Amino acid sequence: MNRRSFVKWLLAGIALLAASGSLFMRKLMGEATLPVNAAEEATPEAAPPSAAPSATPAPSPSSSAAPVEKGKLLATVFLLSDIHMIDSQPVVDKVHTALKDLASLKETSDAIVLGGDLTTYARELDYKLLRTTFNQYKLPPMYANMGNHEYYDIWLTKEGAWSTETVPNGKTDKDARDRFQKFMDMDKPYADAWVNGIHLIMVSQEVYVQEKPDVQEGAWYSDEQLAWLEETLKPHADGSPALVFIHQPLPAIGAEGGNHRLIRASEFRKLLLPYPNLFVFSGHTHQDLNQPNRYSKESFHWFMNASVTRTRGDLSQGLLIQVYEGAVDIKGREFSTGSWIAAADWSIPLA
């Protein structure tokens, strides 16, 4: 078997394993939501990760100690993960519902972060539909990091049919990065920004299976990006807080990630270790924020967000992040009912 044949065989195997995993997890979890079309059946997200064994679970709101001294509100950020925009009316309607709900809130956002998987296939037409939808609302500055679906155009033929036999179908991972960067007006797939003095750090998956087949649906960060992250975190040696956005979740402490996880996890955690007031937010798993273990405490605080259009159980959810002088509040929002999620309500005092 030559190299080209081997790569095609490997990629087909990835798609097949993903498809079988999708069916198993839907039966296991009783998920009623159907994919938009047959192609999406072969592109599921991972099963929900359990809280890392050596991490400390967050207390429930009712078990909190004395009220947290928050001080002045510095910045409010809304995190919308896994929008998965596609030309499907139910999906478009969910996005509109979420944006209308944001516009109705008394909590005015200083920024919106899109936590990966902005669209399902990341084609030009998908980004155009997302931009057209966004443009119907008055929104604050928007930032984003890349997820695995930002690379999914390689699975489609020029006619739009799902094909593992002909992958990458004349496309490249670089094409995908270029489209994302153009859409978000970014020079690289990762970036940082300061909003009202609060640091937002967007870390992104840099390759996919066309360039590095063994990553499967995991998030690979290059030496260059990790060096950039190390330098970008240095201002927080003074204890100031920062919000770090990833897409795929972390594996258990002490383990390296693989499929559907942040791959170079030990190095990532080591870079964050010196800074006690880092707040990490992942997406990808589409888990209902009413479920347990959405927050765990390591050297940093880690929150797992849901999805705007694919939260399991046909829900639509996101996170409100409010940074105060002495604390950070995180609240889950159910867009379909315009209500706060009682099980996803945390106030974390700064160390």
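This is a predicted model: local features need pLDDT of at least 70, side-chain atom pairs count only at pLDDT 80 or more; totals for chains, interfaces and linings use all residues.
Local features here need pLDDT of at least 70, side-chain atom pairs count only at pLDDT 80 or more, and totals for chains, interfaces and linings use all residues. Residues are numbered from 1 along each chain as its sequence is written, and side-chain values use heavy atoms, with hydrogens and water left out.

**Exercise 1. The chain as a whole**

Task: State how many helices and strands the chain has, and what percentage of its residues is buried.

Solution: 
- Step 1. Helices (H or I, at least four residues) and strands (E, at least two) are DSSP runs, numbered from the N terminus.
- Step 2. By this count there are six helices and 13 strands in the chain.
- Step 3. Buried means under 20% relative accessible area, exposed over 50%, and partly exposed in between (1.4 Å probe, protein chains only).
- Step 4. Of the 351 residues in the chain, 56% are buried.

**Exercise 2. The nonpolar cores**

Task: Find which residues have the most contacts inside the largest nonpolar core, and which element gives the largest share of this core.

Solution: 
- Step 1. A nonpolar core is a set of buried Ala, Val, Leu, Ile, Met, Phe, Trp, Tyr and Cys residues joined through side-chain atoms within 4.5 Å.
- Step 2. The largest such core holds 43 residues, and Leu80, Ile83 and Leu114 have the most contacts inside it.
- Step 3. Two or more residues each come from β2 (73-80), α2 (89-104), β3 (111-114), α3, β4 and α4 (173-184).
- Step 4. Helix α2 gives the largest share, six residues.
- Step 5. A second, separate core has 27 residues, including Val195, Ile198, Phe281 and Ile341.

**Exercise 3. Leu139**

Task: Locate Leu139, and decide whether Leu139 is buried, partly exposed or exposed.

Solution: 
- Step 1. Leu139 sits in the loop between α3 (124-134) and β4 (142-144).
- Step 2. Its relative accessibility is 25%, so Leu139 counts as partly exposed.
- Step 3. Contact means heavy atoms within 4.5 Å. Apart from neighbours within four places in sequence, Leu139 is in contact with Leu99, Ile112 and Phe134.
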